[in-house]
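Thanks for asking me to look at this one with you.

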Amino acid sequence: MRLTRFTDLALRVLMRLAVEDPKATDDLPTTREVAAGMRVPYTHTAKAVARLQHLGLVEARRGRGGGLTLTAAGRSASVGALVRELEGTGDVVECEGAEPCPLRSACRLRGALHQAQEAFFAALDPLTVGGLAASPTGPVLLDIARSRAPDGL
């Protein structure tokens with residue numbers, strides 16, 4: 001199974017925010033800084049942040065002293081549950097599309113692919129966002145955090 005770029009970016013944003021000090025209220029990273037640090041377009045990052053905010057995983061504050069913070073729910077969120085939410089649980093292959101597959105009524109592949117998809121999600125279920133930001137990833141994320149983009153980006 002392959003994740004969409006949107007899901008990949010959303011997970012990386014969460015990991016990046018997981019290394020911030022949750023008690024710090026000043027100098028929070030902005031969406032623009034996170035985008036620059038991850039080397040992805042700001043518009044894509046803004047869409048991911050908006051979705052994560054809607055899910056209650058990220059808090060975004062505007063204006064002076066604003067920025068992004070990971071909520072407690074975001075820190076403890078199951079990666080498997082997040083991927084299910086962001087990717088959806090639709091079929092891996094399209095059997096019922098505009099041109100329905102002639103094998104759909106007797107196909108064993110569709111069921112096997114569904115089981116494989118569930119196994120993929122289940123393998124991610126025990127992982128949390130906070131756990132993903134642990135060492136050896138944490139120090140790399142901290143380096144990204146320290147190399148915030150200049151205001152011009």
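The points below go from the overall layout to the details.

1. Let's begin with the whole chain. Please keep in mind that this is a predicted model. The protein has eight helices and two strands, and along the sequence they follow the pattern α-α-α-β-β-α-α-α-α-α. The C-alpha trace spans about 60 × 30 × 25 Å along its principal axes.

2. Next, find the two strands. Strand E1 covers residues 58–61 and strand E2 covers residues 67–70; they run antiparallel and are joined by four bridges. If you want a pair to look for, Glu-59 is opposite Thr-69 of E2. Together E1 and E2 make a hairpin, with five residues between the strands. In the turn, Gly-63 has a positive phi of about 80 degrees. As a reminder, in a regular strand the side chains alternate between the two faces of the sheet.

3. Now for helix packing. Two packed helices are described by the angle between their axes and the distance between the axes. Take helix H1 (residues 5–18) and H3: their axes come within 9 Å and cross at roughly 75 degrees.

4. Sorted by class, the contact of H1 with H3 has eight nonpolar, two polar and two charged residues.

5. The axes of helix H5 (residues 79–87) and helix H6 (residues 109–124) come within 6 Å, crossing at roughly 135 degrees. That angle makes H5 oblique to H6. H5 contributes Val-79, Gly-80, Val-83 and Arg-84 to the contact, while H6 contributes Glu-118, Phe-120, Phe-121, Ala-122 and Leu-124. By class, the contact of H5 with H6 has six nonpolar residues, one polar and two charged.

6. Where is the largest pocket, and what lines it? Its lining has 15 residues, and those nearest its centre are Thr-31, Ala-60, Arg-61, Arg-62 and Leu-68. Helix H2 (31–38), helix H3 (42–54), E1 and E2 each give two or more residues to this lining. H3 supplies the largest share, five residues. The pocket holds about 310 Å³ of space, and its lining residues divide into six nonpolar, six polar and three charged.

7. Finally, two spots in the backbone. Most residues other than glycine have a negative phi, and most peptide bonds are trans. Arg-39 is not a glycine, but its phi is positive, near 60 degrees; you will find Arg-39 in the loop between H2 and H3. Further along, Ser-135 and Pro-136 are joined by a cis peptide bond, with omega of about 10 degrees. Pro-136 belongs to the loop between helix H7 (129–132) and helix H8 (137–146).

Conventions: Residues numbered from 1 in each chain as written. Predicted model: local features only at pLDDT ≥ 70, side-chain atom pairs only at ≥ 80, totals over all residues. Heavy atoms only, no water. Pairing = 2+ DSSP bridges. 1 Å grid on protein atoms, 1.4 Å probe; cavity = no way out; pocket = protein on both sides within 12 Å on 5 of 7 lines; lining within 4 Å. Points joined across faces, edges and corners; volume = space filled by probe spheres on them. Nonpolar A, V, L, I, M, F, W, Y, C, P; charged D, E, K, R; others polar. Axes fitted to C-alpha atoms, helices over the stretch in contact; angles between N-to-C directions. Parallel < 35°, antiparallel > 145°, perpendicular 65-115°, else oblique. Contact = heavy atoms within 4.5 Å.
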